Amino acid sequence: MGKRWKNSRTSPSSSKKSSDVGYPGKTDAPMNQLAENTPGKVILAMGNEAVVRGGLEAGLGYFSTYPGTPASEIGVEYMKLRAEFPHIHAEFSVNEHVAAHGAQGASWAGIRSMVTMKHVGMNVAAEVLHFAGYTGVKAGFLVVVGSDPGATSSTSEQDDRWYSLHTHLPMLEPASIQEAKDFTLRAFALSEKYNVPVVLNAPSKLCHNIGSLALGSLPTDVAVKGRFERNPVRYINLFAGSVANHRRVIESAAALQATAPSLGFNRVFPGTGKTGFISSSINFQYLMESLALLGVTDAPVLKLGLTFPINADEVASFANGLERIIIVEDLEGFVEFQVKRLLYDRNVRIPIRGKEIFPAYGELDPDVISDLLGRELSKPLPARIGRARELSGKLTKDLPPRQGAFCIGCPHRATLYSIVKATDRKVIFAGDIGCYTLSCLPPFRAFDWVTCMNCGVGIAQGMLQKIEGEDVIAYVGDSTFFHSGIPGLINAVQQNADMVLVILDNKWVAMTGHQPSPTTDVAIDGSKMKPVDLKGLLKSIGVSYVRTVNPFNIKASTAAVKDALRVKKGVRVVIAEQECALQHGRRVARNPYDFEEYHQIDPGRCQKCNECYIELGCPAIRRKDSGADYYYYIEETACLDCGACRDLCPNGAIVRTEIRRMNKAAAK
Ligand code: SF4
Ligand code: SF4
């Protein structure tokens, strides 16, 4: 027997917060109840935390992820739990492809593994997951995907469930916090029994909702190390062997399909009505709420927890005696497609309606479902609901739209100011994904496209081969650069694309909640990380023009961008290097400077040129009306003293005051 980890605790061994070990991130986390071995105890947990707990109860040994909202917290929790569960290897990988390969390797070594990502990350991991289906698993291999119907934190709202039709990987869709944990726990055994990775899809409303969660027991004896056993028939996918493995995964899905009704993931809520409903995930809850609102009490409902594969007998049995079926699900109608096909093959000819009623875009919610269902069923909503919605509409209609903006003290704000000043917006701006995507909004409006990761350099390179006389500035953040930007940059260098690439290196995957990037020096559990030598890397791939600037030094940054544009030839890289304002603030809060500083606007010198207030747009700079006149001032409690406004003020009206602290300890 290999090395094993014994868990004999009933509660976390340390009274110290697991996150309270030097990480400049969240410091106010409560004691982590996810680590408790107290079966039956009910705690409040977020959907993502429920997934974490499910993995712990399943004896997870390997975890990898590329952070992406709405699934980011899963990785953060596993990192914070490393002290309590040292047998779990947990990592933030450089991208989803790498993360999925790592989890596959651990599974092949006989260790239960989990990889998590946001929905668009599936596109990056898809190649790995196709092969993972072919090769099968040795220990359970779970893929958790946080989906984002409505694209509230994404550039697309693609429906990843469709991947299962060609990867043949089983698809679980929990409908509650409890199911998020229970399905996660059960997914590993399912994966092992049917010899395929299992996918668990959780929409943002489930990932981020908080609800009650009954804990199960934690395993007391978990393998720390496994062993790789050669199996060329499965692991060497070549020629006829690849075809045989393709056949194996298809047969595996068929075997699961045959037994699906007995597995307990699906449930029928019987009813005498002639219209039946099929739903899955959080939409099942919305459907039940909507039916109750509409006074429909006799509807039979089939709740699917396993939405691929779907068993034909189970659906046909549900359809028996019904006059129509309505399917309630987000996006493109994955369940509807399968149900229509299965019932057609069974000669069931009743109307099956889904996407004719509910849109295939945007996010469904109880309001949308109850409205559209009410119309379909000719059942009006109760007057009190109509009145409540009318009032809510009145109250919200005059609210000003809220627009995203860079945080106060964000180095990206300063970088964008310098880029706009250096170019007067007379260049093509090749956007990419990260906090700096906010550059598309006022006051900067310096972003001409954003689609997927590495869309900046990647698209610009091809475009530059076919346009002339125009300068291009491409953006990429440090995390996106390491995720998928490096191949694009190498390609641009090899193809002699004439562009400026600005790498906005803020040292964190900031947009998804400050996970470490390869340029970060400290991990979430406080352990030291060795940052990648970005300049050395650029040099090694053939970038000869590299300048590093502190974005808060506006004059130097503007000059650097102008110089990079002037050179014209080849890829010129400007690294705007400055830590994310929020993480820097946390670092300073833990270890204060021995001075305090203040930035103030001298109204006697201010010419109201608007450079700081409008063009930079720092929210800490405020306008105060005073009779018929007005003046600008800096709100001291909001200002993070980045100094950008002081550097750009053409009239020297912004002054910095520094006061030495006599007692540094008192500042903590
Ligand atoms: S940049 Fe200087 S002069 Fe212009 S509004 Fe701001 S403080 Fe006043
Ligand atoms: S120093 Fe100026 S730009 Fe920086 S946070 Fe304060 S007000 Fe904003």
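Mentor: Let us begin with one side chain, keeping in mind that the model is predicted. The side chain of serine 557 reaches the backbone oxygen of asparagine 553 at 2.9 Å.

Trainee: Is serine 557 buried or exposed?

Mentor: The term buried applies under 20% relative accessible area. Serine 557 has a relative accessible area of 4%, and serine 557 is therefore buried.

Trainee: Which strands stand at the edges of the open sheet?

Mentor: Five strands, paired in the parallel sense, form the open sheet in the order S17-S18-S19-S23-S22. Each edge strand has a single partner strand, so one side of each is left without a neighbour in the sheet; these strands are S17 (428–430) and S22 (545–549).

Trainee: What is the bridge partner of alanine 430 in S18?

Mentor: S17 and strand S18, residues 472–477, pair in the parallel sense over three bridges. Within S18, the bridge partner of alanine 430 is alanine 474.

Trainee: What angle does the direction of H19 make with that of S22?

Mentor: H19 packs on the sheet, where it touches S18, strand S19 (499–505), S22 and strand S23 (571–577). Taking the direction of H19 against that of S22, the angle is about 170°.

Trainee: Turning to H11, which residue caps its N-terminal end?

Mentor: Helix H11, residues 312–319, is mostly covered, with six of its eight residues buried, and its buried residues pack against elements including strand S15 (324–328) and helix H12 (334–345). At the N-terminal end of H11, a side-chain oxygen of the capping residue lies 2.8 Å from the backbone nitrogen of aspartate 313, and that capping residue is asparagine 311.

Trainee: Which residues come nearest to ligand 1?

Mentor: The shell around ligand 1 divides into nine nonpolar, three polar and two charged residues. Of the 14 residues around ligand 1, those that come nearest are Cys606, Cys609, Cys612, Cys649 and Asn651.

Methods: Residues are numbered from 1 along each chain as its sequence is written. Chains are lettered from A and ligands numbered from 1 in the order in which they are written. This is a predicted model: local features need pLDDT of at least 70, side-chain atom pairs count only at pLDDT 80 or more; totals for chains, interfaces and linings use all residues. Side-chain values use heavy atoms; hydrogens and water are left out. A residue is near a molecule or strand if one of its heavy atoms lies within 4 Å of it. Ala, Val, Leu, Ile, Met, Phe, Trp, Tyr, Cys and Pro count as nonpolar, Asp, Glu, Lys and Arg as charged, and the others, Gly among them, as polar. Buried means under 20% relative accessible area, exposed over 50%, partly exposed in between (1.4 Å probe, protein chains only). Helices (H or I, at least four residues) and strands (E, at least two) are DSSP runs, numbered from the N terminus. Contact means heavy atoms within 4.5 Å. A polar contact is a pair of N or O atoms within 3.5 Å; within protein, one must be able to donate a hydrogen and the other to accept it, and residues adjacent in sequence count only if both atoms are side-chain atoms. Two strands pair if DSSP finds at least two bridges between them. Axes are lines fitted to C-alpha atoms, for helices over the stretch in contact, and angles run from 0 to 180 degrees between N-to-C directions.
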